[in-house]
Amino acid sequence: MVHLTVDIGGRPGIDCRGFCSYCYFKHAKDLPPFGCKYCLPFTKGCDYCSRSVQEKYSGFIPLRDVAEKVLADLQMLSSDLSRITISGGGDPSCYPEFTDLVELLSSLEAPLHIGYTSGKGFDDPGIADFLIENGLTEISFTVFASDPELRRKYMKDPTPEASLEILHRLAKRIEVYAALVILPGVNDGEVLRDTISWLEKAGVKGAILMRFANTPEQGLILQNAPIISGQRIHTTEEFADLVKKTRQLTSMRISGTPLYDPDIGSPFILAEDPGYLQHLPVIRGQAGVITGSIAGPFLEKILAARGDKAHVIRVKKEIADLITIDDIIKLDLSTLPGTIILPGRSFVHISEAEKVLSADGRDRTVIRGPDMLTADGETSMGMTRDEVVALELEGFRTLINLINQWGT
């Protein structure tokens, strides 16, 4: 079974009727490539860490070009098409040939999924019926609040009542998942309680709460902090507590990013359920494992249970996937062992990291670790506890094997 992703392009803030006030791409600077796992060994920079991460599209991709790419992808399929997802840098609801695109994809007779939309481009509630008739089975819909005026003010939605009505109609007939970026003092508290109640009554399957990021440490790597000057931000502990309390208000599936999923106990279930740890190899090599400040305590607990030779090195950046060379430069080299393992999806080029981490005259081996060690709220929303445990066991098994293979 094959999942086909249809990229429609689009530019944040331009092809979405304007930036939402909290948008990650607001104020983003044009930066040189970060370096990443897709780069060639001796070349820092590739399409992913230069264009894709900054959503550097020239605009929406014309329907004809999208159709040609879909046809080419279909010819490469080795098994039956099981799902089609529409995604891009802009908002699908603002795609000028949206209805034609949906009709084209519906002819493939596979379930259609819209990976994300704010609904800001939808002005006619009748679009909901059109989407259902043309095979839409799942959609992720940014809500922010069920109060139309809050949507109008903070999402720059010109027709918030229509957007909410569309969500309501869709939720009655297909799987709808809501996303809410939480601004403390704006859409938390009573507003959040009202929104969750409204979503549940509408029939929404689940909601993910997303902590607002406003500092470089929280992951603003495009030199665009702050997004909202003076806006208070939740600590990770405050946010995890908010997610937990929100879950107690509803029967809907509630998860949060960066923390956490109350229903299944992720991320890092292994840290709280040591019975699984016996399935991991024993650590015999010595190596330093670089990670973010949120994952750090979990990694320390899990790895310590399998040996005492893996040294977890936390940087100030909270999210490991968003670690850059700037975070590596700040490390105290005198404390580092001879082998260093970077997060698999971090924006760091191996050769540059080796140069920085060997600046004290000691040659250090730098390798890239597994892509995923757990599932955050966005990923776990569609997973069972057993599936997350299996993902974690695979990730940590790979990590420990790398420590044993490359460590001193």
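Which backbone oxygen does the side chain of Arg211 reach at 3.0 Å? The views below are of a predicted model, in which local features need pLDDT of at least 70, side-chain atom pairs count only at pLDDT 80 or more, and totals for chains, interfaces and linings use all residues. Residues are numbered from 1 along each chain as its sequence is written, and side-chain values use heavy atoms, with hydrogens and water left out.

View A. The side chain of Arg211 reaches the backbone oxygen of His234. This is a polar contact (N or O atoms within 3.5 Å, one able to donate a hydrogen and the other to accept it; residues adjacent in sequence count only if both atoms are side-chain atoms). Arg211 counts as buried because its relative accessibility is 11% (buried is under 20% relative accessible area, exposed over 50%, partly exposed in between, with a 1.4 Å probe and protein chains only). Leaving out residues up to four places away in sequence, Arg211 touches residues including Gln218, Phe239, Ile294 and Glu318 (contact means heavy atoms within 4.5 Å). Strands (E, at least two residues) and helices (H or I, at least four) are DSSP runs numbered from the N terminus.

View B. Beyond residues up to four places away in sequence, its contacts are Arg253, Asp261, Ile264, Ser266, Ala375 and Val388.

**View C. Two cis peptide bonds.** One joins Ala225 and Pro226, with omega about -5°; Pro226 is in the loop between strand 6 and helix 8 (236–247). Another joins Leu259 and Tyr260, with omega about -10°, and Tyr260 is in the loop between strand 7 (253–257) and helix 9 (269–272).

**View D. Positive phi at Lys156 and Gln223.** Most residues other than glycine have a negative phi, and most peptide bonds are trans. Lys156, in the loop between helix 5 (148–154) and helix 6 (160–171), has a phi of about 60°. At 39% relative accessibility, Lys156 is partly exposed. Gln223 has a phi near 55° and lies in the loop between strand 6 and helix 8; with a relative accessible area of 55%, Gln223 is exposed.

**View E. Contacts of Leu170.** Setting aside neighbours within four places in sequence, Leu170 is in contact with Ala128, Ile132, Leu136, Ile139 and Val176.
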